[in-house]
Amino acid sequence: MQKTHRNHAPLTLAACAVLVALIGMIVFRPVAASATPPLMEATPIAGSAQNHLMKLAELRRKGAWPRTAIELHAWSLVSEIDAAGKVVASNTSPTVSSTTFSPDGSVTIETVVGRPFPGQEVKDLPIPGTPLSSEHLSAEKSVAASASGVLPEDADQLAQWLETAFSVDPANTEESTLSLLSVLVNTTVTPAQEATVLEYLASRPDVTLIGQVTDRLGRSALSFRIGSDVDNYQQNLIIATDTGQIIATETIYTGNDRHDITAPAVTSYEAWERK
């Protein structure tokens, strides 16, 4: 019996749009092992996760208002493993998706092949910049038009909003955070809305500070571990130190039941810029 290992990163509109295109362009093939992106180097810093998150929330509330586009850089590893633990197929998919928000509320998503990470096998990957998909969503069909696209600007209202919009228990830090990220990477949010997300994270006892990092787009940030390991996977959240904006998320494999990668290993990341 074969099983498929997938990442736990939040599914974005862009990811949905490129799935079929990637299957058509990237060949599944037997592999002995899979290369994964290097782990971010974290420098420990003093202070609790809660204190740092509240300072970042205060910084974000005073920050810039929404832009008109989001550029999302993503990479993920999907491996099929047989009952003996042997990798029978592996798929990697670096992509860059540009989401543009029009004044009428409609959304356009253009996705191209992204650049491989340093050390990634490129022989069978499409050329970076190769178009993968193009999608235009009307205002009625965009995330911003749905209930999940209207984040509250008051932390006291967030718990009820999570239950109503996503049917998740706000006490479940990881599920709640992934739901919130699905909004952040698909819509423009106000400084107060994003600050409210940070205040929610600051209230959670299972959010821990990893340290100071430089993210995959070269930005100075703090990295936080969200919740506890789920099925041997850890979710990290990256927040910019100069703006208080949430700018990236990473999924780290921490288990010992895979033979294609060695823990700890990055199995997916998403990093975005607001333009």
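Predicted model: local features only at pLDDT ≥ 70, side-chain atom pairs only at ≥ 80, totals over all residues.
Residues are numbered from 1 along each chain as its sequence is written, and side-chain values use heavy atoms, with hydrogens and water left out.

Me: How many aromatic pairs does the structure hold?
Reply: Rings of Phe, Tyr and Trp (its six-membered ring) count as a pair if their centres lie within 6.5 Å, and the pair is stacked with planes under 30 degrees apart, edge-to-face over 60 and tilted for the rest. By this rule, the number of aromatic pairs in the structure is four.

Me: What kind of aromatic pair do Trp75 and Tyr269 form?
Reply: The centres of Trp75 and Tyr269 lie 6.3 Å apart, and the angle between their planes is 20°. Trp75 belongs to strand β2 (residues 69–81) and Tyr269 to strand β11, 194 residues apart, where strands (E, at least two residues) and helices (H or I, at least four) are DSSP runs numbered from the N terminus. The pair is stacked.

Me: Is Tyr253 buried or exposed?
Reply: Tyr253 forms a pair with Tyr233, 5.5 Å centre to centre and with 55° between the planes. A residue is buried under 20% relative accessible area, exposed over 50% and partly exposed in between, with a 1.4 Å probe and protein chains only. Because Tyr253 has 1% relative accessibility, this residue counts as buried.

Me: How far apart are the end C-alpha atoms of helix α4?
Reply: Helix α4 (residues 173–184) has twelve residues, and the expected span of a helix is 1.5 Å times one less than its number of residues. The helix should therefore span 16 Å, which agrees with the distance between its end C-alpha atoms, 16 Å.

Me: Which strand gives the most to the lining of the second largest pocket?
Reply: A pocket is an open set of points on a 1 Å grid over the protein atoms alone, where a 1.4 Å probe fits, with protein on both sides within 12 Å along at least five of seven lines, and lining residues have an atom within 4 Å of a point. The second largest pocket is lined by 15 residues, with Arg67, Thr243, Gln245, Ile247 and Arg274 nearest its centre. Three of the lining residues come from the strand that gives the most, β11 (residues 265–274).
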